[in-house]
Structure formats: structure tokens, C-alpha cells
Amino acid sequence: MSSLINLLEKKQQNLCSVFFTAGFPNLQDTPKIIKELDAHGIDFIEVGLPFSDPLADGTTIQYSSSVALKNGANLDVIFEQLELLKGKVTAPLVLMGYLNQVLKYGEQRFCQRCKDCGIETVILPDLPMIEYESHYRALFASYGISNVFLITPQTSDERILKIDAMTDAFIYVVASSSITGAKGGISPAQIAYFNRIKSMNLSSTLIVGFGISNQVTFETVCDYVNGAIIGSAFINFLEEKGTDQIQEFVHGIIGT
């Protein structure tokens, strides 16, 4: 059983995850950021792979990717940094990137490097379900890797049920039909969407992302699902305050 699946079985409420882009603000900051988030109570950490064409990401994460790439971040560098952390942090690490990165790097090579680093979960928003079913499901399983699917307010019940049946980590519940980035509060339409998903009695853990930026939005969505992911707000924090005040950010979200 992977460390993330073990976590999700033990803790089913108020799960807090933080996303950041590897190589941002500086190339060598990635290990420190992970250690700080782990030390201050973040349940699992999403490590974003910087990409030149991040289709699902808003301006903040696009900016962080651009900076990281200029800093010299690439998959080899990131994997080397993550391998040095293996066994040294408690919070499970999840890689979030794009299928093109996997294809260019080499599917087998990518999966082997994930295994070397102890990465057991990936999120590839542009991985088509049909490709996952026909090829990547078996490939990932052979390396002990779980794939996370995303759903949106427009996702049909039929597809959601199919995703639920194929999920062994969590379902990424995209909070609105938009790109990443803070949106303010949680709207009545979003509440209706969360209630719709909740009423389906899915077997998978549900984690909301996109637009979760502070304690209020985090606690609000946790009334309907198992937890939430904060990304753009943390990247803005790193841009403003660097890596020495991460405890302050975490305290502002989960109060610890």
C-alpha cells in the first residue's frame, strides 16, 4: 500500500495539500520547501513539474513555471532533488505535470525515476482516459504508481462513476470550470456542485483544487469533501516572502 493511500485511509477529513512548482523561486529551493511543508503539518505535497505550455494553469503558476525553467529546472534535476529526500519526509509526494513531459522523457524512464524517488502518485490533467485504460494503467501499476483523474462541474455522472471505479488514490475535484488561481469565496453554484458529488456516495477520497486560497475557502470546501489543495496562493506567498516563512503560510490555512 502506498503512503498516500495509507494516509487517505487513516485521515478522511480536513486533508490539506499544498502545490508548488519545482525550481521556484530558485532552483535549489525544492527540497527546503518540501521539508518545511512536511514539518508544519501539510498532509501531502504536490510537486509541480514546470512546463512551457501548462494548459490547466492560470497566470501565477504559468509565471512560476517560466521562472523555474529559466532557473534550469528539468526532470533530471527535479528527480535528483526528490531522490535525496526519499525516506526523509513523512508527507507523501505527488507529481503533477503533463503527458508531453512523460512522452519526451520516456515513459519507462519517467516511471522508473518516480519509483527511485518514492513517488507513488501522479496527476496528468491531459492524459485521456482511453489512453490510460489501454496503456498507462498497466504501465503505472507495474511501477506501483497511482493516477489521479480530475472532474469538473461539467463532468457527467457516468464519467464520474467510471473514474471512481478506476481510482485508488483520490479524485481531484476541480472547483470551477476555469484555470488555477484564487477566485475569492466559494459561490452557491460551487456549493451545489459539491453537494451533487457528495450525494453520489463515491468510494474515492475527494480533494478539491483550483481557487482554494485561505482558511475560509479551505474550511468551506472541507464541509463537503475530504480535503483541498492550495497552489497559487502559496506560490504568491513564496514570491513575496521566500522560503523562510512557510510555517506562517501553513498556520494561516490550518491553524497549526
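In what order do the nine strands of the open sheet stand, and is their pairing parallel or antiparallel? I read the order as β5-β4-β3-β2-β1-β9-β8-β7-β6, with parallel pairing; two strands pair if DSSP finds at least two bridges between them, and helices (H or I, at least four residues) and strands (E, at least two) are DSSP runs numbered from the N terminus.

I note that this is a predicted model, in which local features need pLDDT of at least 70 and side-chain atom pairs count only at pLDDT 80 or more, while totals for chains, interfaces and linings use all residues. Residues are numbered from 1 along each chain as its sequence is written, and side-chain values use heavy atoms, with hydrogens and water left out.

I then looked at β8 (residues 205–209) and β9 (residues 227–230), which run parallel and are joined by two bridges; Val-208 has Ala-228 in β9 as its bridge partner.

**Helix α4.** I listed the buried residues of α4 (residues 75–85) as Leu-75, Ile-78, Phe-79, Gln-81, Leu-82 and Leu-85, where buried means under 20% relative accessible area, exposed over 50% and partly exposed in between (1.4 Å probe, protein chains only). Seen down the axis of α4, these buried residues fall within an arc of 160°, so they line one face of the helix; the arc is that of the directions from the helix axis to the C-beta atoms. They pack against α2 (30–39), β3 (93–96), α5 (99–105) and α6 (107–117), contact meaning heavy atoms within 4.5 Å.

**Salt bridges.** I counted eight salt bridges, each a side-chain nitrogen of Lys or Arg within 4 Å of a carboxyl oxygen of Asp or Glu. Arg-109 and Asp-76 meet in one of them (3.0 Å, N to O); Arg-109 lies in α6 and Asp-76 in α4, so the pair ties together parts 33 residues apart in sequence. Arg-109 is partly exposed at 41% relative accessibility, as is Asp-76 at 33%. Glu-133 and Lys-162 also meet in a salt bridge (3.3 Å, N to O), linking helix α7 (residues 129–142) with helix α8 (residues 157–166).
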